[in-house]
Amino acid sequence: MNSRRSFLQRALAFGAGALSLPTLAAAESSQARASSQPSAWFAANHHAAGPPVAVVTPDIPKLPYTLDGGVKVFHLIAEPVKRELAPGRVIDAWGYNGVCPGPTIEANRGDRVRIVLDNHLPEPTTMHWHGLEIPIRMDGMPYISQKPIVPGGRFVYEFTLDQDGTFFYHSHGAMQEMMGMIGMFILHPRQAYAPRADHDFGIVLQEWALLPNNSIPNTANMEFNWLTLNGKAGPATTPLVVRQGNRVRIRMVNLGMDHHPVHLHGHTFVVTGTEAGRQPESTWGPGNTVLVGVAQARDIEFVANNPGDWMVHCHLPHHMMNSMMDLLSDRAVSTSPLSQKQAGEQMELMMAQDQPMEMAPDAAQVIAPNASTVPGFPQDGLMEVAMDRAVDKSPEFMELPPGWSAGMQGMMSLLRIMPPEQYDRYLAAKSASRQHATGEGR
Ligand SMILES: [Cu+2]
């Protein structure tokens, strides 16, 4: 591609298309200057080309496989599962292999895969491979491409993968989808995309309608009170931990009733992929919020050049909340107007009753003396409770400030960009916890 055409494409992609022709030459020379200082979102790390890094899907395991000749053989079991969305909030979802969303399938372009699906549900199911260009008989359409898989039955899917990108699998029953029956299907290219990513994360966006004291999602409901990333609501979402200066990819897929505008703090990213795979670089316009529509996938990439614990979250205000009433279980809570003293006492009492919650530290619960005379009070006041101790169970949560969890609810996680020394401490803690888990070194 000649440089002028390349420049024009970039100019259009970045909304600079209004440049008139006489200004092009000047613009081009300033572009040339600018390109000697690449923008953060284009900055390549210059590692040797090679295979891509493995994808990490926090809170969701990978699906292992065995080899049969040249075929990668995976085994999925559709079944009811318990899922703890947040401390104390366990739901009866449907998923695969004991988790919801189901385990992540990771394969390479060109692979031949066989996926054995056993149905342990009390009703028929099938599996659809969202976005994959495969023979019709493998498409998972009940009555159209295959007979429904009856309870106790099995269907063997087998196909060759001639794509790369962010895909997913899901039941093609609408209500089963809303019970949680989805999982990621990541297809890597043989050689890493350029610029090469050092960290690659995958996240499934889901939503749930749950009544207090009821563990079964209402799949016919149109309003949702629990919003999850990989089956966890903030603060139980395991943070994404990266090393400062590294290039990061986050892949998101959405299966629900709402579109989610996912916002990343402190950084500018580019959207490098959709549900159809890698996008041409000429389309990589900068942003900090990406709308992940229903049935879509979006990959974002950026250089993690700004150290800190940054929020990544859906920005719909009602998706940034948990249903606190649920966490109170069957305890009586007064919803009539309370004095500050009464409200405080009620809160203290509930906290004392073996709840996974803690009072948020410091000033979080400070209320103005005239609060009860102010129309609209309370909004977020009195609502911020912490759960540090209940969720702080893996190295990803290390060294967060006390009370951090009080600010985390709903479709929300943390991107933790650690300076090298801190990242090394994280790796050491990770290694130690892995040894502990596997019993190594005993
Ligand atoms: Cu949302």
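Residues are numbered from 1 along each chain as the sequence is written. Because the model is predicted, local features need a pLDDT of at least 70 and side-chain atom pairs count only at pLDDT 80 or more, while totals for chains, interfaces and linings use all residues. The pLDDT, the predictor's confidence in each residue on a scale from 0 to 100, averages 85 over the protein chain, and 79% of the residues score at least 70. Over residues 1–38 the pLDDT is below 50, and this stretch has 17 contacts in the model beyond near neighbours in sequence. Two residues are in contact if their C-beta atoms, placed from the backbone, lie within 7 Å.

The protein chain contains seven helices and 23 strands. Helices (H or I, at least four residues) and strands (E, at least two) are DSSP runs, numbered from the N terminus. Of the contacts with a separation of 6 or more, 75% join residues 24 or more positions apart. Buried residues make up 34% of the 442 residues; a residue is buried if 20 or more other C-beta atoms lie within 10 Å of its own, exposed if 12 or fewer, and partly exposed in between, with C-beta atoms placed from the backbone.

Two open sheets may be described in turn. Strands of a sheet pair through backbone hydrogen bonds, either parallel or antiparallel; here two strands pair if DSSP finds at least two bridges between them. Strand E14 (residues 260–264) pairs with E18 in the antiparallel sense over four bridges, and Val262 has Val290 in E18 as its bridge partner.

Another open sheet, also of mixed pairing, has four strands in the order E4-E9-E8-E6. Strands E4 (102–108) and E6 (127–130) stand at the edges with a single partner strand each, so one side of each is left without a neighbour in the sheet. E4 and strand E9 (residues 182–188) are parallel and share five bridges; Ala107 has Leu187 in E9 as its bridge partner.

A further group of strands includes E10 (residues 199–208), in which nine of ten residues are buried. E10 pairs in the parallel sense with strand E13 (residues 247–254) over seven bridges, with Ile203 opposite Met252. Four bridges join E10 to the antiparallel strand E11 (residues 226–229), where Leu205 stands opposite Leu229. E13 is in turn joined to E19 by seven bridges, the two running antiparallel, and Met252 stands opposite Arg298. In strand E19 (residues 297–303), seven of seven residues are buried: Ala297, Asp299, Glu301 and Val303 lie on one side, and Arg298, Ile300 and Phe302 on the other.

Beyond four places in sequence, the contacts of Leu205 include Leu229, Met252, Val253 and Met411.
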